[in-house]
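Please read the following points beside the sequence and the model. Each point takes up one part of the fold.

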Amino acid sequence: MSKIYNSIIETIGNTPIIKLNSIPEKSIHEFYVKLEYFNPGGSVKDRIAVALIEGAEKRGDLKPGGTIVEATSGNTGLGLAFVAASKGYKCIFVMPDKISEEKRAILAAFGAKVLITPTAVAPTDPRYYVNVAKNIADNTKNCFYANQYHNIDNRERHYKTTGPEIWQQMDGKLDIFVAGAGTGGTISGVGRFLKEKNPNIKIVCADPVGSILYDLFYHKKIVDPPAGYKVEGVGEDFLPENVELQYMDDFVKVTDKESFLMTRELIQKESLCVGPSSAMSLVGAIKYSEKIKEKKKFLVVLPDSGKAYLSKVYSNKWMIDNGFLTEKEVGQVFNKVDDYQNYYKEIGI
Ligand SMILES: Cc1ncc(COP(=O)(O)O)c(C=O)c1O
């Protein structure tokens, strides 16, 4: 049956779920993953971009010709730029300097203004990317500050669409839902929906080592001060409004190294070219599954595509420079013009 969409925006959502066949190598459990990179902008954030913009239009916060300002690690910016372009809005994005070049370039391609701030500053510092975005929004006319962290249109969209989609696709048969939390919109919105359908479904948050969310869940206060980590888009050094800890049952800590190695394993063994936060959630799911003795069905959200990270996790040099792989592990890398001759030698031509 053919279906013609009225605009690219209508193609957001209804992303596929697939079963993993090779990862983990041995387990009594079943692992399913929801592929959010099938969204037209390449990530789960397309979903909330529409929600934030439509919510602002309804409330009269965004008027024709207006400007959308956001603090973003990239994907929300792309989703917003995507929706804004088709609706005639301008965009200004503020992002920390750890964000990959590819993510900055694509935003600029949509015509957005991209402003970079230092990553290693405290949330109280005026240079912190969220503070810079707020400052710009306060000083720009006809401007809407999308505020993905605290604007609850974010988690509501996941409650109304992502949650029901998962329930329907899994036919109501899942035991454990695992996701990371950046703004917290995905895990909180989906978590609330699934708990309402079946309170026995466990909601597990995978959290990077260095994020404070794990401590806030377990200790109701920060025990280990926030520390830097390299996985993008997940974990926090503050508590966003969209994080609803009451819908979560457990937290699992995951290191950068575990996340980056799993990112590479996913493309090589499952043909899934996803970003490191996807791999982080899967590592979290596998660690959690190791404590469970009866067979369970896990569903893990994979938030974005790996194409935005070619210069990072998919670069051997970057992996070696950051201590995630050794030269010996990477093996011979051919990348010069006459490399085919080296390869000829290797195979005896
Ligand atoms: C790459 C990536 N993964 C995961 C997430 C987390 O999703 P959420 O903001 O819904 O918690 C984000 C959010 O910024 C992200 O950019």
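1. Two strands are said to pair if DSSP finds at least two bridges between them. Helices (H or I, at least four residues) and strands (E, at least two) are DSSP runs, numbered from the N terminus. With these terms, Ile 92 stands opposite Lys 113 in strand 5. Strand 4 (residues 90-96) and strand 5 pair in the parallel sense, over five bridges.

2. The model is a predicted one, in which local features need pLDDT of at least 70 and side-chain atom pairs count only at pLDDT 80 or more, while totals for chains, interfaces and linings use all residues. Residues are numbered from 1 along each chain as its sequence is written.

3. An open sheet is formed by four strands in the order 5-4-3-6, with parallel pairing. Its edge strands, strand 5 (113-117) and strand 6 (143-145), each pair on one side only. On average, neighbouring strands of this sheet are turned by 20 degrees against each other, direction ignored.

4. Strand 10 has parallel partners elsewhere. Six bridges join it to strand 2, and these two strands run parallel; Leu 35 stands opposite Leu 302 in strand 10. Strand 7 (residues 176-180) also pairs with strand 10 in the parallel sense, over three bridges, and Phe 177 stands opposite Leu 299. Five of the six residues of strand 10 are buried (20 or more other C-beta atoms within 10 Å of a residue's own, with C-beta atoms placed from the backbone; 12 or fewer is exposed, and in between is partly exposed).

5. Helix 5 (residues 153-169) has 17 residues and reaches 23 Å from its first C-alpha to its last, close to the 24 Å expected (1.5 Å times one less than the number of residues). Helix 5 has a kink of about 35 degrees centred on Tyr 159, the bend being the angle between axes fitted to the seven residues ending there and the seven starting there. Its buried residues include His 158, Tyr 159 and Ile 166. The buried residues of helix 5 pack against strand 2 (30-35), helix 1 (45-59), helix 6 (185-197) and strand 10 (297-302), where contact requires C-beta atoms, placed from the backbone, within 7 Å.

6. How do helix 8 (residues 256-270) and helix 9 (residues 276-289) pack, and at what angle? They pack at about 100 degrees, with their axes 8 Å apart; axes are lines fitted to C-alpha atoms, for helices over the stretch in contact, and angles run from 0 to 180 degrees between N-to-C directions. Helix 8 is therefore roughly perpendicular to helix 9 (65 to 115 degrees). Among the residues making the contact are Phe 260 and Leu 266 of helix 8 and Met 280 and Val 283 of helix 9.

Definitions and conventions
Two residues are in contact if their C-beta atoms, placed from the backbone, lie within 7 Å. Angles under 35 degrees count as roughly parallel, over 145 as roughly antiparallel, 65 to 115 as roughly perpendicular and the rest as oblique.
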